[in-house]
Amino acid sequence: WTAAPIGTPGDGGPTEREREREVFLERTGLTEERVPTALAGLGRDSAWLNHILSMEQAYLQARATILTDSNRARMLQAMRVGLIRTQIEEVNVPTLEAGKEAALCVREGVSTMAEIASECGGEVQEETFFLDDATEEFQQLLLSASAGELLAPRDSGEGFTLTRVVRKIEPDPKDPEVKARIDARLVTTHFSEAASNQIQWPLS
């Protein structure tokens, strides 16, 4: 099978084409005088470069129509859980029994995570991440935990890990990293669907 092209090369006016060429030159560090030599070294010519720049222009135009506020809001709802930032504290303990005892001491207010870490010869490890970046098993544990809650000790392969959920932060559409992930998903979804719709199966 073959996939038909997604969209067509941009046919914007000279201003758009010139701007795309300027971006190309800035990105590659080439000058107009050096372009023919660089293309020759790749076994390509100016017609090939113009085609590539036209395709890039078409892609950017399509991307601009996809990344609208309404599409971002819709995708945010679909991705909300995975985009929850979760801040945790972790302490490594040598055995399961030590972990259970440490967890009880922390829950009862007898010891702090820092004190448990010190007793075990280590330090409290702090981390903040999107739920999407956690393993599926860890995601489920974190989803059901509230801020301040202590998870049951988990086998780390070299002992056991005691995890405390410090806080959960709902995704903010103005957060650059949240926005970047939403945009990436929108673009990937759009072009994947477009490619799927354009697949042409040869007749037998």
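## Overall make-up

The protein chain has 204 residues, and 32% of them are buried. It holds 8 helices and 6 strands. Read from the N terminus, the order of elements is β-α-α-α-α-β-α-α-β-α-β-β-α-β.

The chain exposes about 13200 Å². Carbon and sulfur atoms supply 51% of that area.

## Confidence

The mean pLDDT of the protein chain is 88. A pLDDT of 70 or more is reached by 88% of its residues. Among the elements, β3 has the highest mean, 97. Strand β1 (residues 2-3) has the lowest, 40.

The start of the chain needs care. Over residues 1-6 the pLDDT is below 50. This stretch still has 15 contacts in the model beyond near neighbours in sequence. Where pLDDT is low, the predicted coordinates should not be read in detail.

## The sheet

Four strands form an open sheet in the order β3-β2-β5-β4, with antiparallel pairing. Strands β3 and β4 are the edges, and each pairs on one side only.

Strand β2 (residues 85-93) pairs with two neighbours here. It joins β3 (residues 125-130) through 6 bridges, and the two run antiparallel. In that pairing, Ile-88 stands opposite Glu-127 of β3. With β5 (residues 160-169), β2 forms 9 bridges, also in the antiparallel sense. There, Glu-90 stands opposite Thr-163 of β5. Is β2 enclosed or open to the outside? Of its 9 residues, 8 are buried, so β2 is largely enclosed by the rest of the structure.

Arg-154 stands opposite Thr-161 of β5. The hairpin of β4 and β5 has 4 residues between the strands. In this hairpin, Gly-157 takes a positive phi near 90°.

Helix α4 has Arg-72, Met-75, Leu-76 and Met-79 as buried residues. Down the helix axis, the buried residues of α4 fall within an arc of 110°, so they line one face. The face of α4 turned away from the buried side carries exposed Ser-70, Gln-77 and Ala-78. The general rule for such patterns is simple: an α-helix has 3.6 residues a turn, so residues three or four places apart point the same way.

Helix α7 (residues 136-143) buries Phe-138, Gln-139 and Leu-142. These residues cover an arc of only 105° around the axis, which puts them on the same side of α7. Glu-136 and Glu-137 are exposed on the other side. What do the buried residues of α7 pack against? They pack against β2, β3, β4 and β5.

## Nonpolar cores

The largest nonpolar core has 12 residues. They are Ile-66, Leu-67, Met-75, Leu-76, Met-79, Leu-83, Phe-130, Val-178, Ile-182, Leu-186, Val-187 and Phe-191. Helices α4 (69-79) and α8 (176-198) each supply at least two residues of this core. Helix α8 gives the most, with 5 residues. In soluble globular proteins, nonpolar side chains tend to be buried together.

Met-79 and Ile-182 are both members of the largest core.

A second, separate core has 11 residues. Among them are Ala-103, Val-106, Met-113 and Phe-160.

Note on methods:
Residues are numbered from 1 along each chain as its sequence is written. This is a predicted model: local features need pLDDT of at least 70, side-chain atom pairs count only at pLDDT 80 or more; totals for chains, interfaces and linings use all residues. Side-chain values use heavy atoms; hydrogens and water are left out. Buried means under 20% relative accessible area, exposed over 50%, partly exposed in between (1.4 Å probe, protein chains only). Accessible areas come from the Shrake-Rupley method with a 1.4 Å probe; for residues, only the protein chains shown count as cover. A nonpolar core is a set of buried Ala, Val, Leu, Ile, Met, Phe, Trp, Tyr and Cys residues joined through side-chain atoms within 4.5 Å. Two strands pair if DSSP finds at least two bridges between them. pLDDT is the predictor's confidence in each residue, from 0 to 100. Contact means heavy atoms within 4.5 Å. The arc is that of the directions from the helix axis to the C-beta atoms.
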